[in-house]
Amino acid sequence: MHPKDKRRGQIEMFGLAFIIVLISIGFFIFVSFKSQQKPVSPQKEFTNNKLANDFVLSMLDVNIAECPEFSVKDLIIDCARDSRLNCGGSINSCEIVNRSIYIMLNKTFMVRNMAFRMYSEHLYASGRELVNITYLNCTAYSVQGQSGMAIISLYPAPGNVYLNMNLCYQ
Amino acid sequence: MGHNGQIQLGESTAVVIIIVIMLVLGIVFWNKVSNSGIMSIQSQSQELSVIETANTVPEMPELKCYESKVDQVKCLDWYKILAMSNATNDTNSKAFEYYNYYFKNSKITVMKIYPEEGNVTIYDAKLNNNKRTLRIPIPVNIRDYVTDRTYYGLILVEGYYNG
């Protein structure tokens, strides 16, 4: 073999080895990054799912502190229709609903520092939606987590009220 | 063997060194990945065990409201909660032994939140020296059939684990 050809062959082999080393390092880096990505914890997912879903549903049947003969659902219906009920003197049903929901949200989500957004649809008081509570800057544009919804029929009046609960990832 | 032989020996040494470095990197990397995989499987299985307990508690006839249906919100009877708390209070009792089979290393508390507040622990394995606690709160209705009131509350399931 001519010494010049031998030299060229050696350079090619080195080039090939260099490429293989580069590919291997790239593969190591890729797999390292992949393995560092934490999988979603099943406990966190289950907890958020339960909290978002079961919260909106279970708070509806709760009796109100100011007027124990009525539930949150009764007062929401009253607020959406004609707001005739008065509990504890001069406080109307819309105000009491808002206050009670806030207390329950506070003791469930705020104490755990969970970002959420709770809002109503078709439940107007003083010309705007009655329930619109957000915590830790959770908005419609944040990264959305689990959500829950309750539909409250206003029968015999037409229409429904929707209560939505969205959790946000921080 | 002259100058050429020296170059060839240098090349072979370089190749061997590169292969050894890559082997060492591969072994270190594999070790790290497999360890983290085992840890993740272990922690996932612990989490699933707490989830299982959290799913079991509101479905127990010992605690459920008598009119509860499958599609309804989880509802617990306040007086059944108090009765269970009394029964499992003593860790040497038969009742504690029975529930230990289901709840294992955990603590289960029912929290009344609105309109009144109050906590009742219905089961506690009392393993305070464990390092890790997994907590799952589940919103429920708590029904008091004597006063005919429904309260909002949480079942708080805490699982104790080493690690």
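**View 1. Buried positions along helix 1 of chain B**. In this predicted model, helix 1 of chain B buries Gln46(B), Glu47(B), Val50(B), Ile51(B), Thr53(B) and Ala54(B). Buried here takes 20 or more other C-beta atoms within 10 Å of a residue's own, while 12 or fewer make it exposed and anything in between partly exposed, with C-beta atoms placed from the backbone. What do the buried residues of helix 1 of chain B pack against? Their partners are helix 2 (42–58) of chain A, plus helix 3 (94–103), strand 2, strand 4 and strand 5 of chain B. Helices (H or I, at least four residues) and strands (E, at least two) are DSSP runs, numbered from the N terminus.

A quick note on bookkeeping: residues count from 1 along each chain as its sequence is written, and chains are lettered from A and ligands numbered from 1 in the order in which they are written. As the model is predicted, local features need pLDDT of at least 70 and side-chain atom pairs count only at pLDDT 80 or more, whereas totals for chains, interfaces and linings use all residues.

**View 2. Helix 1 of chain B, end to end**. Its 54 residues reach 79 Å from first C-alpha to last, close to the expected 80 Å (1.5 Å times one less than the number of residues). The C-alpha trace of chain B spans about 105 × 35 × 25 Å along its principal axes.

**View 3. Where chain B touches chain A**. Here 29 residues of chain B are in contact with 29 residues of chain A, contact being C-beta atoms, placed from the backbone, within 7 Å. Helix 1 (3–56), strand 2 (106–114), strand 4 (132–144) and strand 5 (149–161) of chain B each put in at least two residues on the chain B side. Helix 1 of chain B has the largest share, with 12 residues. By type, this side of chain B splits into 21 nonpolar, five polar and three charged (nonpolar is Ala, Val, Leu, Ile, Met, Phe, Trp, Tyr, Cys and Pro; charged is Asp, Glu, Lys and Arg; the others, Gly among them, are polar).

**View 4. Val56(A) in helix 2 of chain A**. Why does Val56(A) count as buried? Because it has 22 C-beta neighbours inside 10 Å. Leaving out residues up to four places away in sequence, Val56(A) touches Gly148(A), Met149(A), Ala150(A), Leu163(A) and Met165(A).

Note on methods: Two residues are in contact if their C-beta atoms, placed from the backbone, lie within 7 Å.
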